[in-house]
Amino acid sequence: MSPADVLGRVLLVTGKEEYLAERVVTRVRGVVRGHDAEAELADTDASSLSLATLGELAAPSLFSTVRCVVVRGLQDLPEESAAGLLSYAAAPAEDVALVLVHGGGQKGTGLLAKLRKVAAVTEEKTGEVKASELSAFVAGEVRAHGATIDREGAQALVQAVGHDLRGLAAAASQLASDFGRARITEEVVGRYFGGRAEAKSFAVADAAFAGRRQAALEELRWALDNGTAPVLVTSAFAGSVRGMARYKGAPRGMREADLAREIGVPPWKVRQVRDQSRSWPDEALAAAIRAVARADADVKGAASDAAYTLERLVLTVAALRDAR
């Protein structure tokens with residue numbers, strides 16, 4: 001991706017996989033800042049976007065003429081703003097990279113169809129990674145960091161860390177950093193991440209979302225003492241809240257296999273997500289999503305004490321479960 005691919009153009013990012021979509025956004029921002037270190041970055045929700053707002057976001061400032069504008073939740077764009085957005089897309093500002101993120105689903109597909117016909121619009125699809133494709137995803141992540149992993153090692157990592165792409169990417173990065181160009185094997189994965197699915201990140205999240213505060217804290221301390229990366233814990237929490245949110249929004253009467261694909265979990269986990277969702281009303285789930293997002297940002301650098309951040313997350317989630 002080069003500056004010519006994004007500046008003076010509109011990039012349409014579509015698909016349900018939030019992690020992959022966010023990586024595209026990060027890549028575009030990196031390209032823009034690489035072109036102009038003083039470039040301004042703007043981020044807004046489509047639900048509040050009007051033609052006037054878009055004009056303000058895309059207009060040059062006193063400090064820089066180059067801008068990267070990210071509009072999230074394109075499916076929620078007000079109908080009265082669609083014509084204005086299409087008009088802008090037909091003649092985008094030369095020094096602006098506009099990224100439109102659509103979260104997948106049927107809502108807003110009419111606007112997508114119109115945008116795809118515009119010459120200045122490029123689409124990047126971020127479809128969900130199937131369970132059968134996760135090993136290949138891991139191998140690709142490891143290669144991107146200059147290392148290699150054999151098939152058995154990749155499968156072992158998926159089994160240990162789970163199906164959350166953010167957690168898998170973080171684990172792959174950690175392994176590649178520690179082993180460099182050495183080939184990563186199943187034995188290596190077992191030594192680093194063995195038992196994670198039962199006793200580490202996902203055990204912490206499962207206990208917290210079940211309201212078992214003390215058990216969750218014990219699992220968390222055990223996990224951190226045994227070298228579990230904090231980002232893997234927040235990834236496990238993110239996977240739980242995302243699964244419940246998607247389950248609540250899924251059409252009723254779906255077959256279990258179809259429901260598993262809809263909410264992004266393996267078939268065997270559908271029952272667990274269903275049982276969890278019964279104990280989480282929408283308001284509590286929304287609060288949990290905000291708590292997880294805040295903790296995820298903190299462990300990635302916004303706070304200095306990751307252990308405290310994770311303990312606060314456990315207590316917050318368990319309290320929300322108790323207060324349902």
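Student: How many salt bridges does a search of the whole structure find?

Tutor: This is a predicted model, in which local features need pLDDT of at least 70, side-chain atom pairs count only at pLDDT 80 or more, and totals for chains, interfaces and linings use all residues. Residues are numbered from 1 along each chain as its sequence is written, and side-chain values use heavy atoms, with hydrogens and water left out. A salt bridge is a side-chain nitrogen of Lys or Arg within 4 Å of a carboxyl oxygen of Asp or Glu. By that criterion, the number found in the whole structure is 12.

Student: Which residue of helix α2 is paired with D43?

Tutor: D43 lies in strand β2 (residues 40-45), and its partner in helix α2 (residues 18-35) is 14 residues apart from it. Helices (H or I, at least four residues) and strands (E, at least two) are DSSP runs, numbered from the N terminus. The side chains meet in a salt bridge at 2.7 Å, N to O, and the partner of D43 is R29.

Student: What distance separates N and O in the salt bridge of R72 and D43?

Tutor: R72 lies in strand β3 and D43 in strand β2, so the pair ties together parts 29 residues apart in sequence. Salt bridges with shared partners join E22, R29, D43 and R72 into one network. For R72 and D43, the N to O distance is 3.0 Å.

Student: Is R67 buried or exposed?

Tutor: Buried means under 20% relative accessible area, exposed over 50%, and partly exposed in between (1.4 Å probe, protein chains only). Because its relative accessible area is 10%, R67 is buried.
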